[in-house]
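Dear colleague,

I am handing over the structure we spoke about, and I would be grateful if you could look through it with the notes below beside you.

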Amino acid sequence: MTNRKDYRSALSRPAESLAAGVALALLGTSGFAADEIPDLAGIWQFGSCGGGFNLSCMILEEDDELLTSRAKAYRDAIDEAAQPKYDCAPMSVPHMWTDPYAYSIEQHEDRVLIHYGKDDVVRTVWLEGHGHEEPAVNEFFYFGHSTGRYEDGALVVTTDRFTFDPQGLNADFRIPSSTQKQVVERFSRDGENLVLEVTTTDTFFLKEPWSFRVTSRPFQGEWEDSWQCDLEAARQSLKLLPPMYPDDPPIERIEY
Amino acid sequence: MRLFPKGYLLLAGVLVSAGLEAHHSTRGIYDEDREIELTGKVIEWRFINPHPYLIIEAPAEDGTVQQWDVSYGGAAVVHLRRQGYAADTFKPGETIVVRGKPALAEGVYGVLIEGGRHPTRPDGTQIVSGGSMF
């Protein structure tokens, strides 16, 4: 397991912090005081809502009171067999956080990388103040476009520009998300632990923002950084699923 | 094939695996109110992501021998490895006993293992050590 300190931002070292702060001021970008950047680097256990293994606060139920009528209509119409997960497509955020997998965070000077322990997902958070190019107006992404800033001892990540996703709010209950989904994640430290607070809005499918807060301990196990989804294995359970639209032509899948 | 009364589950195993079951929807695929036991021959064991699975040959309720898909629900390689599973845990041709929830749909043969009820050898001995997935 890689030493967590290898990932620390250069801004966290005192002498370099001063030099960097001066440099940033001269460049006209917003500088950060060294003590405002939390040490988030390392490998973390999946988040718990409290009390050991507890994922309950992160569940968006199939008939959740937050769901709009529109969300329920989509949910009821979507053919489970058409869900992207059966083609090895990962779950997007925030649903990704609700599964029990470890994840790693790398903090670099101009970006933060989040490696998720499932689906070979790597998210890039583009830190503000470094001149990163904004997406074009017609660009949308499966994991959205994430920008971040350090604020009050936390990393605050705002993600939008999501593609429409039939499993975007919950892959288990066919709850979609629209291009209007926005996810705000706040990463901070609480002693040895990492605290993640997530708020999701989607004006089409949620009546009001959906929020949860979880705590992750440092991961103690062996980090497996290769998921390698097998397409046949991903589709195996479909053999047991009765067709939702039996009068439609049979589904013929692409062998990617 | 043997049927078990509703509610016959190992409580500790249920608590451990409950989270994964909630996060990999098996709803509508398996009968939550029934449990079956199969004694059959291993055809294939795929210890692979996203979800490892077994194929065994065992008698169905009508006595015909069928190939059954044995699923661990939402468990991935990393979870089962912590419970003692490996790529060579099951070998083609060996006989094992599987207990779980049967598939709902007519004419399909599947069983969902959950609650820590790992397959055993016919004499009842454990094949894997079990324990927490996390």
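In this predicted model, the contact between the two chains draws on 22 residues from chain A and 22 residues from chain B. On the side of chain A that touches chain B, the residues divide into 12 nonpolar, 6 charged and 4 polar ones.

As for confidence, the model scores ipTM 0.83 and pTM 0.83, while chain B has a mean pLDDT of 85, with 82% of its residues reaching 70 or more. Please take care with residues 5-19 of chain B, where pLDDT stays under 50 and for which the model has 22 contacts beyond four places in sequence. Where pLDDT is low, the predicted coordinates should not be read in detail.

Some points of the backbone deserve a look, because most residues other than glycine have a negative phi and most peptide bonds are trans. In chain A, a cis peptide bond with omega of about 10° joins A:Val93 and A:Pro94, and A:Pro94 lies in the loop between α2 (69-77) and β2 (103-107) of that chain. In chain B, the peptide bond from B:Asn49 to B:Pro50 is cis as well, with omega near 10°, and B:Pro50 has its place in the loop between β2 (35-46) and β3 (53-59) of chain B.

A positive phi is found at A:Asp120, where the value is near 55° although the residue is not a glycine; A:Asp120 sits in the loop between β3 (111-116) and β4 (122-127) of chain A, and it counts as partly exposed because 15 other C-beta atoms lie within 10 Å. A:Gln228, likewise not a glycine, has a positive phi of about 50° and belongs to the loop between β11 (210-216) and α3 (231-235) of chain A. With 12 C-beta neighbours inside 10 Å, A:Gln228 counts as exposed, since the cut-off for that class is 12 or fewer.

Finally, chain A contains an open sheet of 9 strands with mixed pairing, in the order β1-β2-β3-β4-β5-β6-β9-β10-β11. The edges are held by β1 (42-44) and β11 of chain A, each of which has a single partner strand, so one side of each is left without a neighbour in the sheet. From one strand to the next, the twist averages 20°. Within this sheet, β3(A) and β4(A) pair in the antiparallel sense over 5 bridges, and A:Ile114 stands opposite A:Arg123 in β4(A).

Notes:
Residues numbered from 1 in each chain as written. Chains lettered and ligands numbered in written order. Predicted model: local features only at pLDDT ≥ 70, side-chain atom pairs only at ≥ 80, totals over all residues. Contact = placed C-beta atoms within 7 Å. Nonpolar A, V, L, I, M, F, W, Y, C, P; charged D, E, K, R; others polar. pLDDT = per-residue confidence, 0-100. Helix = DSSP H or I, 4+ residues; strand = E, 2+ residues; numbered from the N terminus. Buried ≥ 20, exposed ≤ 12 C-beta atoms within 10 Å, placed from the backbone. Pairing = 2+ DSSP bridges. Axes fitted to C-alpha atoms, helices over the stretch in contact; angles between N-to-C directions.
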